[in-house]
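Here is a short tour of a protein model, written for someone who likes to look at the side chains. Keep the viewer open as you read.

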Amino acid sequence: MTTTSDEPDVSAHGLSRLSLWSATQAPQRFPALSTDLSVDVAIVGAGITGITAAAHIAGSGRTVAVLEARRVGQGTTGHATGNLYALVDEYLHTLAKKWGDDHVSAIVQSRIRAINAIEQNVAAFHLDCQFSRQPMALYSTTYALSESHDIEAEYHAAIRAGLDARMTNDLPLPFIVKKAMVVRNQAQFHPLRYVQQLAAAIHSQQCRIHEESAVVDIDEKNGVVNTAAHTVRAVPFAVATYAR
């Protein structure tokens with residue numbers, strides 16, 4: 001069956017290979033943190049999660065500082081699939097057995113809201129990131145009973161979670177599909193363009209975005225985020241980064 005992954009593409013020597021997104025997006029730079037700051041909210045990590053959260057928080061009138069160890073969007077985001085799904089990497093029906101349908105529905109609905117938020121940002125800030133609504137398909141090309149069972153179970157779990165799903169064996173693919181589940185109204189986009197263009201649109205005195213500003217310590221009790229040279233005071237703060 002098809003699988004997806006948003007993990008960075010790492011070579012045998014531990015070096016990330018250039019992604020399609022990096023190869024098709026002109027570099028955009030943001031200044032390193034050069035002074036101590038005091039803001040309403042500090043965000044660690046300038047990927048999809050961090051920059052989208054920063055846009056939302058700044059839009060509510062609060063001041064934000066986003067601290068990125070390297071470059072905006074060049075971590076996990078720069079190596080993502082470009083697909084936006086309400087489903088998760090682990091099967092919904094597997095999660096439902098462990099946590100129950102209510103928890104699975106909450107996860108799915110939160111992911112739907114996240115996709116909608118990205119779509120709203122694309123429209124509000126006129127982002128040229130190739131965002132489009134597309135169906136998502138989970139399919140099997142074999143008669144394996146285990147795969148057939150998983151697809152059927154996932155379909156029923158998706159319906160219970162409120163998704164617009166259907167079963168089929170007819171997909172526009174150049175090979176025979178034995179069984180498939182299609183979920184309508186998912187999405188795809190150019191993640192690096194989205195993040196860098198949104199970051200450029202919101203970067204201001206109210207929403208400061210700083211690259212090459214790795215966080216070395218977080219003092220949760222006192223609301224202090226430390227880089228090697230400077231301090232950002234903020235309550236609350238959010239960590240939105242893929243730790244390696």
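The report below goes from the overall fold to the cores, the aromatic pairs, a sheet and the salt bridges.

## Ground rules

This is a predicted model, in which local features need pLDDT of at least 70 and side-chain atom pairs count only at pLDDT 80 or more, while totals for chains, interfaces and linings use all residues. Residues are numbered from 1 along each chain as its sequence is written, and side-chain values use heavy atoms, with hydrogens and water left out.

## The chain as a whole

The protein chain has 6 helices and 12 strands; these are DSSP runs numbered from the N terminus, helices being H or I of at least four residues and strands E of at least two. Of its 244 residues, 43% are buried. Here buried means under 20% relative accessible area, exposed over 50%, and partly exposed in between, with a 1.4 Å probe and protein chains only.

## Two nonpolar cores

A nonpolar core is a set of buried Ala, Val, Leu, Ile, Met, Phe, Trp, Tyr and Cys residues joined through side-chain atoms within 4.5 Å. The largest one has 29 residues, and those with the most contacts inside it are Ile51, Phe131, Tyr194 and Ile209. At least two residues each come from β2 (41-44), α2 (48-59), β3 (64-67), α4 (101-124), α6 (191-202) and β8 (207-210). Helix α2 gives the most, with 6 residues.

Leaving aside residues up to four places away in sequence, Ile51 touches Ala46, Val66, Val72, Val195, Leu198, Ala199, Ile202 and Ile209. A second, separate core of 17 residues includes Leu95, Ala157, Leu163 and Val183.

## Aromatic pairs

Rings of Phe, Tyr and Trp (its six-membered ring) pair if their centres lie within 6.5 Å; planes under 30 degrees apart count as stacked, over 60 as edge-to-face and the rest as tilted. The count comes to 2 aromatic pairs. Tyr139 and Phe175 have ring centres 6.0 Å apart and planes at 40°, so this pair is tilted. Tyr139 sits in strand β5 (residues 132-140) and Phe175 in the loop between β6 (165-168) and β7 (179-188), 36 residues apart. Tyr139 is buried at 18% relative accessible area, whereas Phe175 is partly exposed at 40%.

Phe189 and Tyr194 form a tilted pair, with 5.5 Å centre to centre and 55° between the planes. Both Phe189 and Tyr194 are buried.

## An open sheet

Four strands make an open sheet in the order β1-β11-β10-β9, with mixed pairing; two strands pair if DSSP finds at least two bridges between them. β1 (37-38) and β9 (215-219) are the edge strands, each with a single partner, so one side of each has no neighbour in the sheet. β1 pairs in the parallel sense with β11 (residues 231-233) over 2 bridges, and Ser38 has Arg233 as its bridge partner in β11.

## Salt bridges

The whole structure holds 7 salt bridges, each a side-chain nitrogen of Lys or Arg within 4 Å of a carboxyl oxygen of Asp or Glu. In one of them, Glu211 meets Arg29 at 3.0 Å, N to O. Glu211 lies in the loop between β8 and β9 and Arg29 in the loop between α1 (20-23) and β1, so the pair ties together parts 182 residues apart in sequence. Glu211 is buried at 0% relative accessible area, while Arg29 is exposed at 52%.

Arg29 also meets Glu212 (3.8 Å, N to O). Salt bridges that share partners join Arg29, Arg71, Glu211 and Glu212 into one network.

Note on methods: Contact = heavy atoms within 4.5 Å.
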